[in-house]
Amino acid sequence: MIGGAPRVVWFIWPTDPQGISAKSVAQRLVQLNRPAHLVWNPVTGQIIQQLPPTRAACGLTGDLNRQGRVCVQIRVLGSVHEPFTDSKLDGLDEILAWLDSWEVPRRWPAGPPLPMPHSLVQDGNRRLWARGGHFGHSQVPGSAEGDPGAIDVARIIGDSAPHLEVPRPREELRLLESVV
């Protein structure tokens, strides 16, 4: 690892967590040669660790996988359209305790991830990335992915999460400007 502030990136593995196990997804990630640090089913609470946090995972582009004292990557079974934070979140306390042991700060510097399709154009800010903490895949600098979608970050890190509004579509802004 290159060094710097520790961080975690939350990804979605698009599947029904009611019907697929974290173990099955972990096996598929190995077949694809793209292991994550953790694969988590928030409905059943099943957590599979694939890599130690001191080893780079393969979910990000370029050297981003290696940035930070740790750059933990968590694949969550779910959908970008149905936030996994609306489920039971079984196993989350264990994941957070593990992340705390690696000194990943309980903050979401970029604010909550945007919902789809807005998240596809969310620019990752390198300054915020350098602070460390929790990030959605869509918030990573250079990412063109839209996951994890509009998750409730306060359910993950607590009430210290900032609340940001989703930008209005341009058509809506034009209508507001014409009224004023």
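On one side of helix α1, V30 and Q31 are exposed. The model examined here is predicted. Helix α1 spans residues 22–31, and its buried residues are A22, V25, A26 and L29. Seen down the axis of α1, these buried residues fall within an arc of 100 degrees, so they line one face of the helix. V30 and Q31 lie on the other side. An α-helix has 3.6 residues a turn, so residues three or four places apart point the same way.

L29 belongs to helix α1. Its relative accessibility is 1%. L29 therefore counts as buried, the cut-off being under 20%. W13 lies 16 residues from L29 along the chain. The C-alpha atoms of L29 and W13 are separated by 9.9 Å.

Charge pairing was examined next. Side chains of opposite charge can pair when their charged atoms come close. How many salt bridges does the structure hold? There are two. One joins D90 and K88. The closest N and O atoms of D90 and K88 are 3.4 Å apart. D90 is partly exposed, at 31% relative accessibility. K88 has a relative accessible area of 55%. K88 is therefore exposed, since the cut-off is over 50%.

The other salt bridge links D100 with R106. Here the closest N and O atoms are 2.6 Å apart. D100 has a relative accessible area of 35% and is partly exposed. R106 also counts as partly exposed, at 38% relative accessibility.

The surface also carries a patch of negative charge. Which residues gather in this patch? They are D16, E82, D86 and D152. D86 sits in a loop. This loop runs between β4, residues 71–78, and α2, residues 92–101. The relative accessible area of D86 is 63%. D86 is therefore exposed, as this value is over 50%. A residue of a patch must have over 30% relative accessible area and no salt bridge.

How values were computed:
Residues are numbered from 1 along each chain as its sequence is written. This is a predicted model: local features need pLDDT of at least 70, side-chain atom pairs count only at pLDDT 80 or more; totals for chains, interfaces and linings use all residues. Side-chain values use heavy atoms; hydrogens and water are left out. Patches are made of residues with over 30% relative accessible area and no salt bridge: like charges are joined within 9 Å, nonpolar side chains (Val, Leu, Ile, Met, Phe, Trp, Tyr) within 5 Å. Accessible areas come from the Shrake-Rupley method with a 1.4 Å probe; for residues, only the protein chains shown count as cover. A salt bridge is a side-chain nitrogen of Lys or Arg within 4 Å of a carboxyl oxygen of Asp or Glu. Lys and Arg count as positive and Asp and Glu as negative; His and the chain ends are not counted. The place of a charge is taken as NZ of Lys, CZ of Arg, CG of Asp or CD of Glu. Helices (H or I, at least four residues) and strands (E, at least two) are DSSP runs, numbered from the N terminus. Buried means under 20% relative accessible area, exposed over 50%, partly exposed in between (1.4 Å probe, protein chains only). The arc is that of the directions from the helix axis to the C-beta atoms.
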